[in-house]
Protein chains: 2
Amino acid sequence: METITSRQNPTVKLLRRLASGRSRGESDPAYVEGILPLLRALHNGVPVRLIAYAPDLLRSEVAQAAVARAREQGIRCSAFSQEVFASFSRRDNPVGLAGLVESQWTPLDRLQTDGGTVTVLHEVKDPGNLGTIIRTIDATAGQGMVLLGETADPYHPSSIRASVGTVFAVPIARATDNGQLLAWCRSRGATLVATSAQGGVELHQTQRRGPLAVMLGSEARGLPPELLAAAELTVTLPMHGQASSLNLAVAAGIILYELKHRQAGAASQVDRSVEAP
Amino acid sequence: METITSRQNPTVKLLRRLASGRSRGESDPAYVEGILPLLRALHNGVPVRLIAYAPDLLRSEVAQAAVARAREQGIRCSAFSQEVFASFSRRDNPVGLAGLVESQWTPLDRLQTDGGTVTVLHEVKDPGNLGTIIRTIDATAGQGMVLLGETADPYHPSSIRASVGTVFAVPIARATDNGQLLAWCRSRGATLVATSAQGGVELHQTQRRGPLAVMLGSEARGLPPELLAAAELTVTLPMHGQASSLNLAVAAGIILYELKHRQAGAASQVDRSVEAP
């Protein structure tokens, strides 16, 4: 097995470019680094074009076994010297496992609600925020995410990292414009919910049930007037301090967690009614 | 008024070092960048050693007025050329306002609970996470924060930025060891609450009232066994997806928001009982 030791190797140059997160083209694969994120991509059947590993760094037996299994399945697996791996790694202390995988997009017309919550992000700029929100969507068993407008790339290395690889577990769709989103909501019977730093109904006061499409706006400006106007309900988190808003990913977490809690509560009530004599 | 145009100017070198966030000494001032964060420092009476501004960049009239007022109050205000300002700025598009301010620490024995919630962070490593949690503590009118162990610096530029300057509004104390924290809890009648990714009571099932000290552990390892054992109650957020945990700042947000909601609910119940005939 050959180990790549030159920084000038074309694969190393490709890894370095894709790891930087700059100007990823539509057909470029996504750079995934770390054991959990790459195992999640493999576990979810995402097409993997390359597994890059550094034998001198990769201590995890689980990860070593995954590389061996991937090679048996015909996935290209390349070994790199510790120094060359560090030259494209985004981490201070790389564990020696990375990969290039295909971006997965769910067509909007195949995104289902199943009575749950879909998160809609409008012009969210920071890929780290995006990935953190994806992690929360996964943790709250959200039905997926719809991106609208000039939003950060969910397959940017910073997003994949912040999502701890759950970007490969959450269906991600794009809407070309507001009209397409509204049509999708109608076709699914989903209530369109806006979130705003002010002027809405306090989260705990809302009672809306059934499928929801919860919209979050950009870090700096929130949702635009036309999306606020289109929503059937606007939710606000009360602010008690000097700051007038929360971090976007934190606000998303509070809202998605509370909605999931109610859904779970409603489900357990149904269970009890079924069991009642 | 002189404008500094040399990158070799000693003040520029100092700003560059402090803006980098590397190896800030105990007596070094903190680097604050942006209009809101610097205005929050001034508003909260934090001693400001220097205001650095770029006349060519600073468009905000509110900010210009604040600089003029600070100068009248005897605060040193230095003007920089756009290019030199950009050489120490941490932002892609600097607004042209930064400052050096003194770190503010509240002695632990002066930190009060007022029946509310104090957040305890053990060995949290990422200053961005720390600042995001501080922003949430402010938004939920938390009583303050206690840092324990090798924790990131709340006055690191990344923390100040993530906090949007609320680091100057939230009392921040340090405990030298677990024993000092436990003694502080006893003296305040505060319930020590641990948080854990598993094995605790689900947040919505807990009923604890009165002053709380809510502990959050490091991003990678959570709380150590001795702090889990010392807690009177351990709270867990249920996970429904492939990931086994949430982002630390998101988890903190969910917990602090829910606790604040109950506190507000309890307060309004008291109000109603007073009003009842």
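Biologist: Which residue stands opposite Ala194(B) in β11(B)?
Modeller: Met215(B) does. Strands here are DSSP runs of E with at least two residues, helices are runs of H or I with at least four, and both are numbered from the N terminus. This is a predicted model, where local features need pLDDT of at least 70, side-chain atom pairs count only at pLDDT 80 or more, and totals for chains, interfaces and linings use all residues. Residues are numbered from 1 along each chain as its sequence is written, chains are lettered from A and ligands numbered from 1 in the order written, and side-chain values use heavy atoms, without hydrogens and water.

Biologist: How many bridges join β9 and β11 of chain B?
Modeller: Four, between residues 191-195 and 212-216, and the two strands run parallel. Strands count as paired if DSSP finds at least two bridges between them.

Biologist: What's the strand order in that sheet of chain B?
Modeller: β8-β7-β6-β11-β9-β12-β10, an open sheet of seven strands with parallel pairing. The edges are β8 (172-175) and β10 (201-202) of chain B; each has a single partner strand, so one side of each lacks a neighbour in the sheet.

Biologist: What does α5(B) touch on the sheet?
Modeller: β6 (117-122), β7 (144-148) and β8 of chain B, and the direction of α5(B) makes about 150° with that of β7(B). Touching means contact, heavy atoms within 4.5 Å. Axes are lines fitted to C-alpha atoms, for helices over the stretch in contact, with angles from 0 to 180 degrees between N-to-C directions.

Biologist: And the five-strand sheet, what order is that in?
Modeller: In chain B it goes β1-β4-β3-β5-β2, open, with mixed pairing. β1 (3-4) and β2 (30-33) of chain B are the edge strands.

Biologist: Switching to the interface. How many residues does each chain put in?
Modeller: Chain A gives 34 residues and chain B gives 34 residues. About 2800 Å² is buried between chain B and chain A, 58% of it on carbon and sulfur atoms. That is the accessible area (1.4 Å probe) lost by two parts on being put together, summed over both.

Biologist: Which residues of chain B lose the most area?
Modeller: Arg135(B), Gln242(B) and Tyr257(B), together 25% of what that side buries.

Biologist: How many salt bridges cross it?
Modeller: Zero between chain B and chain A. The rule wants a side-chain nitrogen of Lys or Arg within 4 Å of a carboxyl oxygen of Asp or Glu. Over all chains, the count is 14 salt bridges.

Biologist: Which residue meets Asp153(A) in one?
Modeller: Arg24(A), at 2.8 Å, N to O. Asp153(A) is in the loop between β7 (144-148) and α6 (157-162) of chain A, and Arg24(A) in the loop between α1 (10-20) and β2 (30-33) of chain A, so the pair ties together parts 129 residues apart in sequence.
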